[in-house]
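Colleague: I have a chain open and would like to talk through its fold. Could you take me through it?

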Amino acid sequence: MYVKNSIPVKRLLEYEAVDRESLWLVLRPPRLPRQASLVLYAVIYHTIASNSQDDSDCLAYIQTNFDSFVNVHPGALVVITGNFNPNFNNVNEKLVKRQTGLKQLVKVNTQDSGVLDWCLVNKQNLFSAPTQLPKIASSDHHTISIVAKNNPPTGTANAKQNDPAFRRVLTQTIGPDDIPSRVLKDFAFELAQVLADIYNSSMKQGVFPEQSKASIAIQLPMCHPP
């Protein structure tokens, strides 16, 4: 598997199994649709020599890892790809959907004999329809291209800087950091990782920035009626 070197990635060894050909990664691209907080990406090979018990164990393996991850990261985008060889075993799309809740996207032949390679996702609305590309070198499998829909994240700075409503926000009451609270809410997607890094570094180093200790206190008279 190749991952762009600018994307933070972590291998989940605890999700892998000695009796299962698989690789599980957590990706944190700098920009994701608002519906996704991070990406769980897996590659699995399911052999053509499987029996009904092997098929059942494979689906249970996927479901266990999927449930375990989304329980901790409810907003995660889950993408599971691989050669499942459905033409040679009892694994089929409807069974996978019913047991795991994941949708199979690939509808074009991945090999001359049919659709052997799948892409299972939990947020199908984020992807365009897969397309078939030529085979690479001597491979007997076609290359399949699956891209995200061209829907930029909502609430981005570039989209809002020229918005009159956004400019009015900047003139509203602000704190000592000169940042209106509404900006933090509207740009939560862009600022979440940055602020998390700052807070985590502060906790690890045991240092709280002096700038963050400042606040604006407004006294309210204790009288009735106020």
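**The pocket and its surroundings**

Modeller: This is a predicted model. Strand β4 gives the most to the lining of the largest pocket, with five residues.

Colleague: What volume does the largest pocket have?

Modeller: The volume of the largest pocket is about 1200 Å³. Its lining comprises 42 residues, and those closest to the centre are Tyr-41, Val-79, Thr-81, Phe-127 and Ile-146.

Colleague: And which elements give two or more residues to that lining?

Modeller: They are β2, β3, β4 (77-83), β6 (117-121) and β8 (142-145).

Colleague: Let us turn to β2. Why is β2 described as largely enclosed by the rest of the structure?

Modeller: Strand β2 covers residues 21-27, and five of its seven residues are buried, so the rest of the structure largely encloses it.

Colleague: Which sense does its pairing with β1 take, parallel or antiparallel?

Modeller: Antiparallel: β1 (residues 9-11) and β2 pair over three bridges. Within that pairing, Arg-11 has Leu-25 of β2 as its bridge partner.

Colleague: How many bridges join β2 and β3?

Modeller: Seven bridges join β2 to β3 (residues 39-45), and this pairing is antiparallel. Leu-25 stands opposite Tyr-41 in β3.

Colleague: A change of topic: where does Arg-20 lie?

Modeller: Arg-20 is in the loop between β1 and β2.

Colleague: Is Arg-20 buried or exposed, and which side chain of opposite charge is nearest?

Modeller: Arg-20 is buried and has no salt bridge. The nearest side chain of opposite charge is Asp-19, at 4.7 Å, whereas a salt bridge requires a side-chain nitrogen within 4 Å of a carboxyl oxygen.

Colleague: Leaving aside residues up to four places away in sequence, which residues does Arg-20 touch?

Modeller: Arg-20 touches His-46, Asp-54, Asp-57, Cys-58 and Tyr-61.

Colleague: Finally, the whole chain. How many helices and strands are there?

Modeller: There are six helices and eight strands. Along the sequence their pattern is β-β-β-α-β-α-β-β-β-β-α-α-α-α.

Colleague: What share of the chain is buried?

Modeller: Of the 226 residues, 31% are buried.

Colleague: And for contacts between residues at least 6 apart in sequence, what percentage join residues at least 24 apart?

Modeller: Of those contacts, 56% join residues at least 24 apart.

Conventions:
Residues are numbered from 1 along each chain as its sequence is written. This is a predicted model: local features need pLDDT of at least 70, side-chain atom pairs count only at pLDDT 80 or more; totals for chains, interfaces and linings use all residues. Side-chain values use heavy atoms; hydrogens and water are left out. Buried means under 20% relative accessible area, exposed over 50%, partly exposed in between (1.4 Å probe, protein chains only). Helices (H or I, at least four residues) and strands (E, at least two) are DSSP runs, numbered from the N terminus. Two strands pair if DSSP finds at least two bridges between them. Lys and Arg count as positive and Asp and Glu as negative; His and the chain ends are not counted. Contact means heavy atoms within 4.5 Å. On a 1 Å grid over the protein atoms alone, a cavity is a set of points where a 1.4 Å probe fits but cannot get out, and a pocket is an open set with protein on both sides within 12 Å along at least five of seven lines; lining residues have an atom within 4 Å of a point. Grid points are joined across faces, edges and corners, and a volume is the space filled by probe spheres set on the points.
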